[in-house]
Each structure stands twice: as structure tokens, then as C-alpha cells.
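Here's a quick tour of a two-chain structure, taken one feature after another. Have the sequence to hand as you read.

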Amino acid sequence: MRLLGLIARRLIWVPLTLLGLVVLVFMVSHVVPSDPARILAGENATTAQLVALRHEYGFDRPLPVQLLRYIVAVIHGNMGISLYTETPVAGEIWRRLPATMELAFYSMLVAVGLGVPLGVAAALNRNSWFDHVLRVVTVSGLAIAAFWLAILLQLLFSMWLGVTPVQGRISDFGPSGVTGFYTIDAALSGDWSMEIDVLRHLALPVATLSFPAMATIVRFTRAGVIGTLGSFFVDYQRAMGIPRRVTVWRYVLRSALTGTLTQIGLVFGNLLAGAVVVEAVFDWPGLGQFAVNSILQSDYNAILGFTIYVGVMFVAVNLLIDIGQVVLDPRGR
Amino acid sequence: MGGRIATSCVGAAGDGMIGGSDGRFVLGRRELALGAATLSLAGARTALAGGTGKFVTANNNSYDTLDPHVVFDIGRIASRLNLYDALVRWTDDPPKLNMWLAEKVDISPDALSYTFTLKDAKFHDGSPVTADDVVYSIERILALKKGAYGLFSSVVNPGTTKAIDAKTVRFTLTKPYAVFMAVLPEMWVVNSKMVRAHEKGGDWGGGWLASHEAGSGSFRLAHYDPAVGFSANRFADHFAGWGPKYLDQVEFLGILEVASRVLGLEKGEFDALDGYTPYDQIRRMRGKPNVQILAKPSLRTMYFIIHNRRPPLDDVNMRRALCYAFDYDGFINNLLDGSVARNAGIIPDPMWGAPKDLQGYTYDLDKAKAALAKVKGSLRTLTINALGGYPQSGQAAELLQSGLAKIGVTATILSQPWPVVDAKLGNEKLSADLIPLWRSAYFADPDNWTGYIYNSKQIGRGNSSFFSNARFDELTDKALVLVKQEDRQPLYEEASRILVDQAAGLFIYNTNYYGAFDKRVRGVRYCPIGDAQDMRWQWLA
């Protein structure tokens, strides 16, 4: 019941947080003295054309009215029309969502799948050569800019070794599957050559995105495990003759992961931000690329839509993290 | 004067500007007295089995919509050029206006009525292209008020275009408009029955046409994903027929990152890049064994907009001082490594109407100081509004700022994104003193660079310089109502000279087009309007 109460309390804040986000981003995006009607109409637009467009899209209304209309529309699932593509923003986001989610999912999988064991290994072999090498790697992971790493990987694996494609999500247009995750859709269709092609396309973007995420997870897991290893309960278990392997992986890790879990929430946010750059470099047809396009075209509605999406994802992931922490650490209940 | 009809024919497969000249055969040609050259492709229906596979182009723009009537830019022109046809079409360099869906045009003596007779052409669903489709297409443009609407709105009123019969359509203009033929290539003809069937709530089928096509173009849409691009298969029944070699499939991908486009071409994932590849990358690719570069003069001039009404820039001597204070050679040869060509006036030199002997300004600080000494009003700090994200614009601003400092004029540079600058254009109070930017070929007619952006009637719209000159207006107005190119040409030449004499703008260079292609590519026919993305001529060796 306490867990349900916690979830309920967190959920109450979700709409308020999102409302604040929408108001903030709406106001910031409208401070820029740009005329969306001119963007929409193009360079050769006539005055009549501009007036008609301003009226059609409500740009001639006072800003508070525009904000209110926008909030009401968003509540109804309508994020407006993209000024550049002239299609519904919600549809654009929905169409691109699987590409970004697939990229984010595999990046997190790699980051957590490698980061946690490596962090534990570094903690257990503290100050060994392995720990020192891993420290250099993780510091590099945190320091290297994503776009630079992406280009380096392209040069090495695509241009010199020729083992991965330079860009894209698939060699042709994607499978007409149900999930939008090409790895799953290709598997469901039984087309294994397509599956390999999809994985080859995934390799470099996932490596680029997961590297800094993994570095963070390694650092926090290592610190958490080292801290927990000095606890009395570990000494007690050792005295009781419980095998080290069991102590570390069943008890120490559970306690140490609470800090890592918090970081995973933050890493996910960074991962979404990083996806904007990585998707642009690898021409990954996801939301990151959509965001870049929107910013370049001063497409207010699209920028707002993307920001709301990121906000929702961030809030949702952090809600899950909060719940996960309570599950892992009974003290939180 | 009624329009005489000329027909000339070009087969397909291109003239091989790069990589050979296979497949081109001209069946006959007579120049039109109208000045608009016409080509007919009837008789060139050489449909041989010559498919050469799939051709992938990496483009710097995404294909966010396929609706041909809501966009009007070069970046996304591939979907319009390859999926749709218009009554007339630009090809080659210098651009030639060819009869396309139209067999012939009759122009009334008062130049108000244009009657087109259509060829036997089919849409991709097999239905014939009719006059009703042409009428629907122009009405759709006028109703949507988007894309190329601005080109037609001042001369074509809704409801005035009539289908005389299934093959004859008549446009009735509100006033003589010599540029009408030049802007018609942007009036893409859609299958009216198909679009009507998908209309919802008075949207003219916009919701559907954004992601589908209803055209008669050389290629038929196969796949479309706005986040990726589109692919299209050859339309074997295209009215223009096909040459001995052609592409089976074309694919256009929106690849935003320059490095990814370049690496993809070098690796063989792409066969061509768009025409906006930075020159340093072009220079680097020249040495690559599997890449060939096509370099052609383009029709895009760089210049500074000068606010001609705001003191002290309302004084011609002040404007001349600015023009003498800019280091043209330093900018073109040092900063841009000679990748562009000096253009003394605003009309690109390859375009007719550009005076061949035009003497532009040179970098001469003594003359600048002499002109400055004649300025009657007081000087002040000038504001140069550079375009953020366009390094050349910023470099030009800094170079002018430096030159002005040497003659005792101070200038500040304000760098802002294009949408912000654009929003202020045409606003006499908000627009900056000087804006370094480009004028592209929206239509291949001298009016695009003269009357449209300097005639006083365009102030607040195309004329963002607030330039006003009675003789210039007279010339450009008169040129719009004449039909023959030979009659119009001297008017534009004089107009161009006036702009230079009055220093209405600071004119710098004409852009070159650099197209990067895979070595196997043949038959490219570059046209400044559309770059080299009209794929019906190209094939792979």
C-alpha cells in the first residue's frame, strides 16, 4: 500500500511538471523575434498570403490565447501542425518514436549490461591494472563529444574496415512490421539477412550512445560496491562463511545499485539529448533528427512537441526509477 | 501577336555532361519567337530494355512532404521533378524552357491569354492527363496559398482558368506578365480525380498528398518515409519515352550531416550528393578514385541588401563608398578559394539580361574615401545583419566591417538565424542597414533578380532594399509586358546598370554548382533550377 501511495504522490506531480515545461518552452520559443508565417509561406510570399496564414494558424491572436489554445490542444493529444512539414506534430513524433526507442533501448541495454559487471569487477579489483585501465576508458567515455566519437567510429569501422554502413537504419526502406522496432519486425518476418543488416546499422549509433552512459554506470557501480563492501553486514556474511560470489552478486550489488539506479534515470535523459546529435551524424530517422530539423527550420510546434516528448519520457523514467529504488531498498518504503 | 509553335525533340538518357554522351538524339528544333524555347518529346519514345539499376542520392534536405503545391524550394525539388510533370520544364544550362506536358501554346496579342494544347500523357494510375487536371492544379495552388502561390497570385485569379476541351486549357491573366511562362514549371499537374477522392474538410487532399503522389512524372512512388526519404520506380509509360539507358529505380535520402553524405558517397552507399556540398569537401573528394565532380556556373548571386531609405544610406555616395570598401578579390580568392566567380551586377552573368560589359566596383579605398567625402548627412555606426549558420555571410560582414573601418566608418555585426532576419525583411524600421545573403533562381528570368527585388512596387515584399528609381521601375515594368526575349533583354541590361550605378546593393559573386557523383554515373543534365536532380536523363555505367 505504501508503494501505491508513493506512486500516486509521484503521479500527481507529473501533469504539473509537464504544464510548467510546456509554459516555459512556449514562452521561450516565442521570445525569438521570428515570424512563423513567413517560414511557412517562404521567401516569395505575398502580404495577403502571410495574413491568411497568420489567421489560419492563430498567430494573430495574443500570446496568452495562443498558449491556452496550445495547452488545451495538447491535452487532447493534438500538438499542432508542423510549420515545415504541415503535418500533425503528434503524428510525426509517433512515426519516429520507434526508431529512437529502439536506439535508446539497445544503448541502455549495452550500457547497463556492460557497465554494471565492469563496475563490480573494478570495485573488486580496486587499484589493480584493470581498475586503472577501466578508469581511463570511463573518463574518456565521459569526456569525448558524441559527434566526434561518431565520426571516428564511422571512419574506422565503415571506411577503413568496411564492416558497418556509414549511416541509416537499414539498407532499404524498413519492414512493414507491427512494432516499428526493426530488430523485432525482421525477426518476426523470418528475414535473417535483414536482421543482420539492421544489427549492422545499429552497431555504431549504439556504441556511440552507450559509451558515455556505460562510463557513468561503471563509475557509480564501482563506488557503490566499494562503499557497500565496507558495511558490517558484509563482514558478517563473510564471517558466516557465505561465498564471496554470493555476497557480492546477491547482497552487495542490490544495496550498491540504488545509487546506480538514480544515475540510470539521469543517463537516460542524457541519452535522449545525445540521440539528437548521434541521429544527425548517422542519419538515424528518429526523433533526434526531427528535433534538429525543427530547430533549423524554427518550427515552433515541432520543437514544443519534441520537448514535451522528452519531458514525458524523462518524467516516466524517473517515476520508474523511484519505484525501482523503493523495491530495491526497503528503507524507502 | 499569336504564339507560333515550335517543336524540337530530345530523347532521353542525357547529353553526358559528365561521363560521356551516350543516348542523346535531337530530332529537330525551331526557336520560338516567344523567347521560350520549346521541346516536344513525341517521336522519341525509344523504349528499349536499358535499365541500369538503382540510383541513390543523398540530399541535404529531408523530404518532409510530397505535396508539390505546398513547397517551393530547390532542396526538396527532387520529389516534384521526378514524380510530377508541368506544362513546361526547365532543362540544361543555361536553362532552356521546354514544352513538357503541353504540345504547344498560343498567346493572345494582348499577352493576357495563354492557351495550351496538351500532349497524350498518362498519370501513374493509367488515366489520361486532361485540361481538367491542369485547371484543378492551378486552383489548388491558389486556394492553398502555399508553395509557389506567390508566383501566380498577382496575375491569375481563382476561377479564371478554363478547360476548353479535354486537351486544351486557357489561362487568362489579369495583366500582361512576361514571366508567366518562366514560372509555369512550378505549376505541377496533379491527378484531379485521385486527389479529389481524398479531400477531407476542404483540405484539397493535402493530408493525403503529403505522403502519396498523384503525378505523371518519370518515376512512380514506391516507398516514402518522411524521416528517411523516398524511392520511386521508372514509369515506363511516361509520355516522353525513354532513351536506350535509364535508371530502374531512384532513391532520395535526406542526410543532414555533410560528413555522412561525403563518406557515404566515397564508400559507394550513394551515387550522388546534392549541390550544396561545402567546397572544402569537394576539393577533398576530387582526389578520390570513385568520385567525379561536376562544376557548373549556377544562378545564385551573393550580395548585400542595402537599406536605401535610411540615412545616411539614402545618399548614393554613401552606398558607393560601401561598394568601394569591400575586398572582392580577397573574399573570392582567399576566403572562398576561388570557388565562385565575381559577378559585378545582381543578375548572374550566365543569365540573359546580365550586361556582359558591366563594370562593377573594385576594392579601392581612395575612391571609397572620395565618395564618402561627398555624403551630405552625418555618419553613424552601421549595423550588418549576418545570417547565423551561414559562415560566408559572417565572413563577408567582417570583411566589409574591416574595409569600412579603414575609411573611418564604424559598423557592428549582428548575427541572427535566417528566420529572424527574414521576419524583419520588408519592415522599413526593423530591417538592418546591411544584410549579406544570396538571391537564388526562383524562376529563370532576369526579373527574378531585378524587378522582383528592386522595383518600388515590391517594397515591403520582394524589395527589401527599399530602393526606388523611376527609370528602373519603368524598365522593369515594361519588360514584364513584352513577350520577346530580344525586346526584354536591353531593358534588363539597362536596369542592371542602374542598380550598379546607384549602388542599390553590394554585389559580390555568382555561385558555382559542384555536384559530386559516383564514377559510374552518366548522362547528368545539370540545370540551375533543380540542380541535377531530374533523374530521367541519368544512368549508371
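Which residues are buried in α9(B)? They are M318(B), R319(B), R320(B), A321(B), L322(B), C323(B) and Y324(B), where buried means that 20 or more other C-beta atoms, placed from the backbone, lie within 10 Å of the residue's own. That's seven of the nine residues of this helix (residues 316-324), so α9(B) is largely enclosed by the rest of the structure. The cover includes β16 (291-306), α11 (365-373) and β21 (505-518) of chain B.

Some housekeeping: this is a predicted model, with local features needing pLDDT of at least 70 and side-chain atom pairs counting only at pLDDT 80 or more, while totals for chains, interfaces and linings use all residues. Residues are numbered from 1 along each chain as its sequence is written, and chains are lettered from A and ligands numbered from 1 in the order in which they are written. Helices (H or I, at least four residues) and strands (E, at least two) are DSSP runs, numbered from the N terminus.

Now for the place where the chains meet. Chain A puts in 40 residues and chain B 36, contact meaning C-beta atoms, placed from the backbone, within 7 Å. On the chain B side, these elements each supply at least two residues:

| Element of chain B | Residues |
|---|---|
| α3 | 149-152 |
| β12 | 219-225 |
| α7 | 258-267 |
| α13 | 418-424 |

The largest share, five residues, comes from α7(B).

Over in chain A, helix α12 (residues 287-296) packs against helix α13 (residues 300-328) with axes 9 Å apart, at an angle of about 145 degrees; axes are lines fitted to C-alpha atoms over the stretch in contact, and angles run from 0 to 180 degrees between N-to-C directions. From α12(A), the contact draws on L287(A), F290(A), A291(A), S294(A) and I295(A), and from α13(A) on A302(A), I303(A), F306(A) and Y309(A).

Technical notes. Contact = placed C-beta atoms within 7 Å. Buried ≥ 20, exposed ≤ 12 C-beta atoms within 10 Å, placed from the backbone.
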